[in-house]
Amino acid sequence: MTEEEFARQTLSGVNPMVIRCLQSFPLSGHLNPQIYGSQESAITAQHILKSLDGISVEEAIKSKRLFILDYYDAYMPYVELVNQLPTSKAYASRSLFFLADKGTLKPVAIELCLPPTSVGLGSRQVYTPDYSGEDHGWLWQLAKAHVRANDSGYHQLVSHWLRTHAVVEPFIIATHRHLSKLHPLHKLLIPHFRNTMEINRSARQSLINAGGIIEQCFTSGKYSMEISAKAYMDWKFNEQGLPADLLKRGMAVRDPTDEVNGVKLVIEDYPYAVDGLEIWAALKSWVSDYTSLYYKDDQSVESDREVQAWWNEIVEVGHGDKKRDEGGWYKMKSVEDVKESITTLIWIASAHHAAVNFGQYGYAGFMPNHPSTTRQLIPEKGSLQYLDFLRDQEAYFLKTVSNPKTCATTMAVLELLSKHSTGEVYLGQGSASDWTDDTRVETAFQRFRSKLLEIEQSISSRNKDPKLVNRRGPAEVPYTLLYPGTSDTGETGAGLTFRGIPNSVSI
């Protein structure tokens, strides 16, 4: 993988919601130093200065040109356990990227960390894109493979399973328990719950179960779901909407002149965010139009006993582990709370899931681009393993990443998960008259549909713009994962299309 493509996929790959704008340097983790050692990163200014186009680290941070893909805190508590498994070897990684003048990212350093153990002090190795040494850049390629394996696991366990499939379940259950079929929010939400409980049941039987596909095919093995569960402890519902998520990661700043979303992107050519903000705005407008027909003021929300019981169960029971996290939930005491909550929920079930699901085969079906497993550590210089590595670097690389059996299994599963069914229902399809006879709702829904059709045209136009290089990359593959698919019907929207936003988490 080229340096440009390695970096580009943090913005427009299958997991574009992890990269953060760096706020301070040197880097530091947030784990217990008595267990995991010093939390300060081994990456120094000397490692990266040569790649900053003549500016200092301080200037790069101030001008918002340094970015990080940080899996240190997520993986470090499990690295020693994973490395005791017979088929897995892993690090906790940090990767730094610099925003070049032409608007593309380039990797400047990778840090791979091992924790202190009873037999060693741990290690923190820093790699930079150097092709001049005796390894001809293959140590750097191995470092990138370990980062991609970290990313592959985090994508499946957190960005995909946890942040879409799992967190939506309590909302579905509470909706059926507390909102009558005649309640306006029940009518609005039901299309966005289609098939979710069924697909989650199937996942628990064959994908995330003990000994299942995830444990067999990903580096984290039997610790996979524990990593997901740990990540849930930092999950906050009111940070899941796209503008809030971008602000949290420093990928956007507040912009009072933007009357639609109120944010400005730090990287203008950030395909996931650019397309996503248009989808978010369309969803927010539709939800606002709809809910304003039934909630005229804040008192009407507080006095709605069904909604209050619904929300109470979601927070206190369904997401009971998070009920004391008062800063993570909307209060459901105002019309604005209703609008933000419903828009966020629909976003999670539709656009967020589409962004992390339907590109899996396209980006990870070719294993070297996104290996799910790493089987050996990077050899230390001077060791017998290093001599073996120097004799045949490509063979050593292939012995590091997924073996043929794991590769074939992963490819087959990702192909299945990336396919749209012939009966898929995309955002904006159908008619509100299917579930209400209120002509005001139908009028609002048709505005929503028309906006989505406009967004399809906008995305197609951006993908043809030669100046927006992050949308296509060296392979000339356009970013279409948030193309709504509203205009697709029947067979045109089925199969491996790498586009289309279904209403719900249905696969």
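This is a predicted model: local features need pLDDT of at least 70, side-chain atom pairs count only at pLDDT 80 or more; totals for chains, interfaces and linings use all residues.
**Entry 1**

Residues are numbered from 1 along each chain as its sequence is written, and side-chain values use heavy atoms, with hydrogens and water left out.

**Entry 2: aromatic pairs**

I found 24 aromatic pairs in the structure. The rings of Phe, Tyr and Trp (its six-membered ring) pair if their centres lie within 6.5 Å; planes under 30 degrees apart count as stacked, over 60 as edge-to-face and the rest as tilted. I took Y71 and Y154 next. Their ring centres are 5.1 Å apart and their planes stand at 45 degrees, so the pair is tilted. Y71 sits in the loop between strand 2 and helix 5 and Y154 in helix 6, so the pair ties together parts 83 residues apart in sequence. For elements I used DSSP runs numbered from the N terminus: helices are H or I with at least four residues, strands E with at least two. Y71 is buried at a relative accessible area of 0%. Y154 counts as buried at 19%. I then went back to Y232 and W235, which form a stacked pair, 5.9 Å centre to centre with 25 degrees between the planes.

I looked up the largest pocket and read a volume of about 920 Å³. Of its 34 lining residues, R20, D70, Y154, D234 and K248 are the closest to its centre. A pocket here is an open set of points on a 1 Å grid over the protein atoms alone, where a 1.4 Å probe fits, with protein on both sides within 12 Å along at least five of seven lines; lining residues have an atom within 4 Å of a point. Helix 6 gives the largest share of this lining, 5 residues. By class I listed 17 nonpolar, 6 polar and 11 charged residues.

The second largest pocket holds about 560 Å³ of space. It is lined by 23 residues, and Y127, I378, P379, E380 and K381 are the closest to its centre. Strand 5 (123-127), helix 6 and helix 17 (384-391) each give two or more residues to this lining. Strand 5 supplies the largest share, 4 residues.

**Entry 3: two loop residues**

I checked N261, in the loop between strand 6 (252-254) and strand 7 (263-265). N261 is buried, at 17% relative accessible area. Leaving out residues up to four places away in sequence, N261 touches P243, L277, W280 and A281 (contact: heavy atoms within 4.5 Å).

I then checked D269, in the loop between strand 7 and helix 12 (271-291). D269 is buried too, at 10%. With the sequence neighbours up to four places away left out, D269 touches L11, K467, L468, V469, N470 and R471. A polar atom of the D269 side chain lies 3.2 Å from the backbone nitrogen of V469. How far apart are D269 and D297 in space, C-alpha to C-alpha? I read 39 Å, for two residues 28 apart in sequence.

Methods: Grid points are joined across faces, edges and corners, and a volume is the space filled by probe spheres set on the points. Ala, Val, Leu, Ile, Met, Phe, Trp, Tyr, Cys and Pro count as nonpolar, Asp, Glu, Lys and Arg as charged, and the others, Gly among them, as polar. Buried means under 20% relative accessible area, exposed over 50%, partly exposed in between (1.4 Å probe, protein chains only). A polar contact is a pair of N or O atoms within 3.5 Å; within protein, one must be able to donate a hydrogen and the other to accept it, and residues adjacent in sequence count only if both atoms are side-chain atoms.
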